[in-house]
Protein chains: 2
Amino acid sequence: MLKLGIIGTNWITQQFVDAAIESGEWQLTTVYSRQLERAQEFATHNHAEETFTDLETFFSQGSFDTVYIASPNSLHFSQAQQAIEHGKHVIVEKPAVANQREFQQLDTALKAHPDVLLFEAARQLHETNFQRVKQQIDQLEQVQGATLTYMKYSSRYDAVRAGEEPNIFSLNYAGGALQDLGVYLAYDAVGWFGMPEEAAYYPTLTRTKVDGKGVAVLRYAGFTVTLNVGKTSNSFLSSEINGLRDAIVLDNPAELGRVTYRDADGQAHELGVQPDANPMLAEARDFAMVINDPTNHQREYLAWRQLSRNVNKLLFNLRQSGHLYFTGETRDAVK
Amino acid sequence: MLKLGIIGTNWITQQFVDAAIESGEWQLTTVYSRQLERAQEFATHNHAEETFTDLETFFSQGSFDTVYIASPNSLHFSQAQQAIEHGKHVIVEKPAVANQREFQQLDTALKAHPDVLLFEAARQLHETNFQRVKQQIDQLEQVQGATLTYMKYSSRYDAVRAGEEPNIFSLNYAGGALQDLGVYLAYDAVGWFGMPEEAAYYPTLTRTKVDGKGVAVLRYAGFTVTLNVGKTSNSFLSSEINGLRDAIVLDNPAELGRVTYRDADGQAHELGVQPDANPMLAEARDFAMVINDPTNHQREYLAWRQLSRNVNKLLFNLRQSGHLYFTGETRDAVK
């Protein structure tokens with residue numbers, strides 16, 4: 001049984017812990033929160049034995065072998081780095097890093113700790129429907145493009161409109177729609193079509209100077225993929241991948257709840273399966289599989305690392321194109 | 001009763017003639033086709049008295065007072081100019097011209113013939129649902145953007161793939177998806193939101209070097225409107241205009257068959273009416289209304305002219321951004 005430690009006690013952490021337990025591969029041993037009361041509450045609720053309020057002590061004294069990190073985006077990198085240095089495997093929520101320099105620094109840390117594994121928690125990759133879409137794309141006579149939309153009005157935008165600056169709408173915490181929701185669409189695009197030749201981002205800025213909404217145009221040889229992201233608006237649109245007369249229609253390109261192939265006659269064929277009730281179950285199983293037997297799963301692991309590298313590069317390129325820089329981030333962060 | 005002459009004997013001409021007759025305002029008197037047999041066949045079928053195979057004779061001897069022009073795009077401008085010079089009112093299919101220079105030349109011709117009226121046949125403008133959408137946009141607390149999609153696989157793309165070059169896929173005939181389908185979306189955007197501050201077009205070129213498909217990004221103060229057009233692919237997406245939590249959903253942004261308001265709770269409210277069976281009926285009525293009493297309808301007429309000017313300017317700007325130039329068109333056609 002793998003031993004899990006967690007940073008963060010919010011709903012997504014709970015969801016991952018639930019998935020980890022459900023997989024039968026993990027037990028929760030250790031909880032970190034800056035607030036003791038929150039750590040104890042979460043630990044009690046989830047039958048964990050250890051709680052810490054100091055991060056260094058958490059890493060040096062905690063009995064876990066893998067940490068799951070779901071802190072604000074801006075903390076992912078440094079916490080992942082710290083975990084690696086303590087010889088802990090890392091599952092870090094997407095986006096794992098803000099730019100390629102940070103990605104390279106994690107690579108360097110991993111080289112110094114060759115037994116440590118690092119996973120970016122891109123849950124959709126691990127789901128059957130993601131692979132089914134990929135297989136159907138490979139069968140299209142000709143890919144003619146795609147329009148992928150993921151927009152949900154965030155209740156925290158009400159706070160922005162009221163004059164506040166919540167983390168997810170703050171440059172101080174690497175916020176914005178592209179980082180928060182666009183990362184799913186970037187995984188779709190890079191996972192299904194590879195890296196684009198060119199990428200442009202057209203952000204709509206909030207009062208707090210993050211992209212509350214945005215349109216990304218990715219140019220591939222022979223087609224264009226458009227990504228619509230937004231946290232300041234709801235969308236009722238489906239998403240689609242275009243063939244010639246045919247298309248693949250997705251109810252939601254991040255959740256992949258229902259994926260359908262519309263053939264040249266417009267006939268609908270279900271491509272997918274009913275997703276797991278807990279959307280993090282598949283990744284919790286996959287990460288355990290690799291940690292339990294890294295030698296025989298090196299191929300998958302390296303493929304995920306490469307995808308993670310490319311997605312983070314694409315997101316950074318898009319931010320550059322939209323002139324969006326996080327607090328303290330140098331503009332040559334790719335060099 | 002207004003007397004109508006027509007250039008072109010294809011299905012769209014038949015549809016306009018049907019609409020004109022149904023309106024009770026028009027009679028078809030005169031048919032022009034380069035082929036006598038086609039002219040006579042169309043005239044007989046529609047009870048017209050005159051047929052011509054020479055364009056100059058058609059204009060100088062035909063007894064009609066208004067011409068409807070539905071020739072290939074590249075001929076619209078010169079035929080409209082010729083009609084004005086013969087003192088005929090003009091209804092010309094969209095896009096009326098290829099660039100602003102041509103638009104200005106038509107303005108000059110109209111100045112020399114002050115009693116002549118020129119209409120670009122942007123049928124959707126005249127439909128109730130177009131106005132209903134506009135009214136709902138005005139009621140949104142905040143416009144956050146729009147994604148408008150109009151893509152239909154053209155059977156003529158099969159010919160392109162087989163090595164041919166049909167007019168609508170030819171730079172020689174001012175073809176391509178933007179001119180053919182994008183003009184509808186440009187009318188939506190300019191009609192509903194005004195002229196954008198910036199506009200970029202990302203075309204996907206066919207073997208014949210026209211845009212078989214493309215994505216246009218229009219930037220307004222505070223929001224972005226994305227237009228998806230394509231003749232080399234089918235789309236199954238709806239279109240939408242985003243508010244904050246609410247949105248306006250369109251089944252098809254050119255046909256406007258069904259327009260729905262989704263309120264902040266996601267509840268759907270029908271905004272529109274059942275469109276006319278013949279989608280050109282409303283414009284046939286409106287054009288007759290203005291021709292019959294131009295003095296009292298100058299406001300509408302001038303508004304349509306201004307919209308036409310802006311739409312043609314936008315389409316040209318988008319083509320420039322996508323490096324798309326028609327045969328014989330100079331690159332400074334806007335100067």
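Predicted model: local features only at pLDDT ≥ 70, side-chain atom pairs only at ≥ 80, totals over all residues.
Residues are numbered from 1 along each chain as its sequence is written, and chains are lettered from A in the order in which they are written. Local features need pLDDT of at least 70, side-chain atom pairs count only at pLDDT 80 or more, totals for chains, interfaces and linings use all residues, and side-chain values use heavy atoms, without hydrogens and water.

Q: How many helices and strands are in chain A?
A: Both are DSSP runs, numbered from the N terminus: helices are H or I, at least four residues, and strands are E, at least two. The count for chain A is 10 helices and 14 strands.

Q: What radius of gyration does chain A have?
A: The radius is taken over C-alpha atoms, and the globule rule is 2.2 Å times the number of residues to the power 0.38. For 335 residues, a compact globule would come near 20 Å. Chain A agrees with that, at 20 Å.

Q: Which elements of chain A do the buried residues of α4(A) pack against?
A: Buried means under 20% relative accessible area, exposed over 50%, partly exposed in between, with a 1.4 Å probe and protein chains only. Helix α4 spans residues 73–85, and its buried residues include A:His76, A:Phe77 and A:Ile84. Their packing partners are β1, α3, β4, β5, α5 and α8.

Q: Is A:Leu148 buried or exposed?
A: A:Leu148 sits in strand β7, residues 145–151. Its relative accessibility is 0%, so A:Leu148 counts as buried.

Q: What is the C-alpha to C-alpha distance between A:Leu148 and A:Pro253?
A: Contact means heavy atoms within 4.5 Å. Leaving aside neighbours within four places in sequence, A:Leu148 is in contact with residues including A:Leu185, A:Trp192 and A:Pro253. A:Pro253 is 105 residues away in sequence, yet the C-alpha atoms are apart by 6.3 Å.
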